[in-house]
Each structure stands twice: as structure tokens, then as C-alpha cells.
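Read the sequence beside the model and follow the account below from the contact between the chains to the fold of one of them.

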Amino acid sequence: MTAFGTGGEPLLRWSYVRDNYDGVIWEALKEHLVLSFTPVLLGLAIALPLGLACARWRRLYPPVLAATSVLYAIPAIGLFVVFVAFTGLTYTTVVVPLALYTLSVLVPSVVDGLRSVPEHVRQSAVAMGFGPLRRLVQVELPIALPVLMGGLRVATVANISLVSVGALIGIGGLGQLMVTGMKWPGGAYPTPIVVAIVLIVVLALLADLLLLLLQRFLMPWERVRRSRRPAEVTR
Amino acid sequence: MDTRRNDGATGADEDVSRLITFAGVTKRYADGTVAVDHLDLEIPAGKITVLVGPSGCGKTTTLRMINRMVEATEGTVTVDGRNVRDVDPPTLRRGIGYVIQQAGLFPHRTILDNIATVPFLLGRDKKQARAEARALMDRVGLDPAFAGRYPAQLSGGQQQRVGVARALAADPPILLMDEPFSAVDPIVRASLQDEFLRLQSELEKTIVFVTHDIDEAVKLGHRIAVFQVGGRLAQFTAPDDLLAAPASDFVRDFLGGERGIRRLRFTQELDAERDAEREAERAGER
């Protein structure tokens with residue numbers, strides 16, 4: 001068990017966890033949560049109106065999609081460094097780039113979700129006297145929700161993982177523990193690194209599970225969709 | 001009455017009020033296509049009027065101009081004496097039931113809430129709206145056990161019944177139906193048609209029914225409007241008149257070679273009441 005190197009150091013020393021769980025580890029975890037969920041909420045708040053506009057004015061979508069795709073292709077570390085120049089070593093420097101990533105995942109989700117509303121359903125809503133806003137809120141958004149939730153889950157998990165990169169500019173939640181492990185005086189110390197990795201993975205899985213449960217709760221009709229239909233009954 | 005334009009075919013029942021009228025109505029699209037061409041049509045109240053014709057003849061466009069899903073380029077469409085242009089579209093539409101081929105049910109709402117859609121829109125009491133929706137389910141032949149289910153759990157024929165119940169929920173005087181029974185198999189279609197006729201005999205709604213199937217038109221229609229490509233009305237008359245005296249080669253071709261058989265079958269099926277009614281109309285006309 002000496003993957004890291006020097007002096008037969010084990011991967012995990014429980015004494016480190018015991019001494020630090022309510023100190024360094026807890027602080028890092030809290031920071032990680034804030035740094036991963038703030039961009040998701042921010043990204044969602046922008047992606048929703050932007051996606052609606054793209055679905056409404058079709059010619060707007062190709063340029064927006066191109067812009068968000070380019071944005072998504074820029075490595076996180078590059079964006080963080082660029083933003084340091086504007087916002088310094090603050091949470092904002094990490095939150096804004098991650099919000100932009102979230103945006104590039106969510107805008108297509110919103111557009112695809114709205115496009116998944118069958119035309120006959122939209123038409124019948126119009127024919128029954130739904131005005132545009134009511135139709136959007138009561139018919140189109142609920143039907144778009146499964147696709148949107150899919151995007152939200154991807155963006156959330158990606159953010160939880162990406163926050164660690166912020167450690168390179170000193171703001172990285174659990175990523176900070178990895179830096180600690182690597183720069184340990186007297187050689188690399190694997191324990192904080194392993195703790196960070198395990199917590200990040202657990203956090204990502206938990207967040208995904210929570211969103212999945214939320215999806216189930218919000219969309220009971222989706223659960224029955226794949227179940228069979230009864231035989232034709234005629235009276 | 002004398003201010004209305006009446007040709008021989010539409011003037012069959014003078015005493016019946018007209019809930020829906022078209023006067024010189026044309027629909028021309030931006031690319032110059034004419035979907036409906038100078039249409040004059042008076043749809044009798046409380047009866048089933050079938051718009052029939054090949055695809056591209058403007059029958060669906062005509063239907064949709066009644067509830068302003070399509071706006072007329074020229075001419076006037078009136079509903080209950082009012083020009084539809086003067087009525088705010090959502091308000092107009094909430095007063096007109098609408099049934100389409102694929103039912104158009106909301107996948108995210110239960111059957112009961114789908115049926116109660118328009119009463120909800122009108123701000124009626126939810127509990128009462130659901131109770132009325134439940135009563136309607138029985139009326140259209142739906143198992144009450146379906147109330148809490150979602151549309152995806154129902155067969156095509158059952159969904160179509162829900163579509164009809166939903167259109168009836170706010171008790172509108174007018175029902176627009178666009179090929180409502182075309183997507184189901186022939187046996188289910190026949191039973192849906194039969195129940196629809198039974199229901200209509202109780203409700204006496206003013207129904208405008210679009211189909212491309214002349215058999216369906218003859219079976220359901222009190223009046224049949226045959227449209228031809230280019231959006232022109234070829235003939236508007238009662239089904240037996242249509243079969244006995246097609247007004248043009250187009251109508252004759254559209255009715256097809258089995259016209260004689262259809263006519264025989266149709267006349268045999270006519271019940272005494274309907275026969276008597278028509279006789280009375282004829283007498284009044286002369």
C-alpha cells in the first residue's frame with residue numbers, strides 16, 4: 001500500500017481523519033457545497049429564460065449554442081486564471097466560470113425539453129384557451145421537465161467534480177485537501193487526497209440521487225410511461 | 001333571414017338558427033397558397049355538420065377559423081352572431097370544445113384533471129369540476145378506475161373518449177372535431193361513432209366535424225359540406241341528397257363507385273324520426 005511513495009506511507013491514516021473531520025475537512029466540505037451548488041442555481045436562472053428565448057425565436061439558437069459550446073471547450077483552469085484578473089481570489093472567480101459551464105449544459109436541455117412537447121399537445125392547449133404564459137407554465141414546462149432534469153443532473157455532478165480545480169488558485173473546497181496532501185512538508189501525504197476523492201464521489205452520487213428522487217416526485221406521470229397499456233375496452 | 005346569402009343547398013331548414021356562419025371567407029397564406037376560397041357557409045345549430053374532402057381541400061383550415069386558430073384573410077366568421085375577430089381568442093376558445101385526431105391530452109395530468117382542463121381555466125371550483133369530470137367519464141363510457149391514471153396508460157380509443165369528455169367539460173354549445181376517430185382501428189372507430197351519435201342525441205350540440213372519410217361523413221352528418229382542392233365548397237347538403245344528386249363530377253368521383261350501395265345502406269339505416277324530420281323540412285321549403 002505504498003502507492004504514493006515515500007517511507008511506506010499508507011493511503012489512509014485514520015488519525016488524520018479523526019483529528020480533522022470537524023476542522024479542515026468540514027470547512028473544505030462546506031466550501032465545496034457552496035462552490036458547486038451556487039453555479040448550478042445561477043446557471044439555471046440564466047439558462048431558463050435564455051433557453052425559452054431560443055425555443056421561441058429559432059434563429060437565436062444556433063449562435064447561442066455555438067457560443068456555449070465554445071465556452072464549454074475552454075479548460076476550467078484557463079477560465080479561473082482569466083477571472084482572477086477581474087474578480088481576484090474570491091468565490092466569484094470560481095462560481096462564474098462554473099455557472100457558465102452549467103449554462104452551456106442547461107441551455108440545450110431547456111430547448112430540447114421544450115421541443116419534446118408534442119405538437120398536438122401544444123395545439124390542443126391553444127384550442128382550449130390557454131394564453132401563452134399559462135401554456136408555458138402549466139403545459140410546456142412540465143412536459144419539458146424530464147429533459148431539463150437530465151441536464152441539471154449532469155451539470156451538478158460535473159460541477160462537484162470541477163470545483164476541485166479551483167484549488168489551483170486557492171479556492172477549491174475539497175480540492176484544497178488534495179493540495180495539502182501534495183505539498184505536505186517532508187513528502188506527499190496521500191490521506192487528505194484520498195479523503196477528498198472519496199467525499200467528492202460520495203457528494204456527486206448523493207446529489208444525483210437527490211435530483212433523481214426530486215424528478216420522481218415532481219413527475220409521477222413519467223413512472224407510468226413505460227408500463228404497459230391495458231387492452232382496449234369498449235362498452 | 002333575407003340578408004343572408006342562401007343557395008338552394010343551404011336553405012333546407014329555414015327555421016333552424018345558425019350558430020356559425022362564414023361569409024365570403026378566404027384564407028390566403030403568405031406564400032400565396034389559397035387554403036379556403038370565398039366560402040359562404042351557414043352551420044345549423046344543434047346538428048352535426050361534416051366537412052369532408054381530400055387532403056389539402058381546406059376543411060381543417062375552415063374548422064380552425066371558427067376558434068381563431070387560423071385567422072381569415074378576407075370575409076367574416078361569426079359565432080352566435082358575433083364576429084370572431086371581436087372576441088379575445090382564449091375567451092372564444094374556452095367556449096368551444098375541440099377534439100383532435102391524436103386526442104392531444106396532457107401527459108402530465110391525470111385523466112380526471114385532463115377532462116377538467118377548461119373548467120380549471122375558467123376558474124371554477126376544483127372539487128366541483130372534478131366531480132363533474134367524473135360524471136362525464138361515465139357518460140363517454142370510460143371506466144371510473146381510469147380517473148387517477150395518466151394518458152400514457154390508456155389505449156388510443158380510450159384516450160379519444162377522454163378527448164371528447166374534455167371538450168364537453170365546460171358544456172360549450174359548439175364542438176369542433178378534427179378527424180377525431182381516424183387514428184383508431186375500424187372496430188373501435190365504429191363503436192366510438194355509435195356512442196358519439198348516442199351522446200349527441202342527448203346533448204344536441206352544434207358540431208363541426210372534419211373527416212376525409214365519406215362513409216364517416218354519411219354516417220354522422222346531418223349536413224355534409226364537400227370541399228375540393230383549392231379550398232372551394234363543392235356541395236353542401238343533407239347526406240341522402242348528396243348521394244342522390246352529386247352537384248359536380250368532382251363530387252361524384254369523391255363519392256366513388258359504390259355510391260349506389262352507400263345510398264341503399266344509408267337510406268335503410270335512416271330511422272323513422274329522421275325521415276319524418278326531413279320530410280317536414282322539405283314541406284317547409286316548398
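The contact between the two chains takes 23 residues from chain A and 26 residues from chain B; two residues are in contact if their C-beta atoms, placed from the backbone, lie within 7 Å. On the side of chain A that touches chain B, the elements giving two or more residues are α5 (119-127), α6 (132-162) and α9 (220-225) of chain A. Of these, α5(A) gives the most, with six residues. By class, the residues on this side of chain A divide into twelve nonpolar, seven polar and four charged. Here Ala, Val, Leu, Ile, Met, Phe, Trp, Tyr, Cys and Pro count as nonpolar, Asp, Glu, Lys and Arg as charged, and the others, Gly among them, as polar.

This is a predicted model, in which local features need pLDDT of at least 70 and side-chain atom pairs count only at pLDDT 80 or more, while totals for chains, interfaces and linings use all residues. Residues are numbered from 1 along each chain as its sequence is written, and chains are lettered from A and ligands numbered from 1 in the order in which they are written. The predictor gives the complex an ipTM of 0.81 and a pTM of 0.80. Chain B averages a pLDDT of 87, and 83% of its residues score at least 70; pLDDT is the predictor's confidence in each residue, from 0 to 100. Over residues 1-15 of chain B, pLDDT stays under 50, and the model has 18 contacts beyond four places in sequence for them.

Chain B contains twelve helices and ten strands. These are DSSP runs numbered from the N terminus, helices being H or I of at least four residues and strands E of at least two. Six strands of chain B form an open sheet with mixed pairing, in the order β6-β7-β8-β3-β9-β10; strands pair if DSSP finds at least two bridges between them. At the edges stand β6 (96-100) and β10 (232-237) of chain B, each with a single partner strand, so one side of each is left without a neighbour in the sheet. The twist averages 15° from one strand to the next, with axes fitted as lines to C-alpha atoms, for helices over the stretch in contact, and angles running from 0 to 180 degrees between N-to-C directions.

Within this sheet, β3 (residues 48-52) and β9 (residues 223-228) of chain B run parallel and are joined by four bridges. B:Val50 has B:Ile224 in β9(B) as its bridge partner. Helix α1 (residues 59-66) of chain B packs on the sheet, touching β3, β6, β7 (174-178), β8 (206-211) and β9 of chain B, and its direction makes about 150° with that of β8(B).
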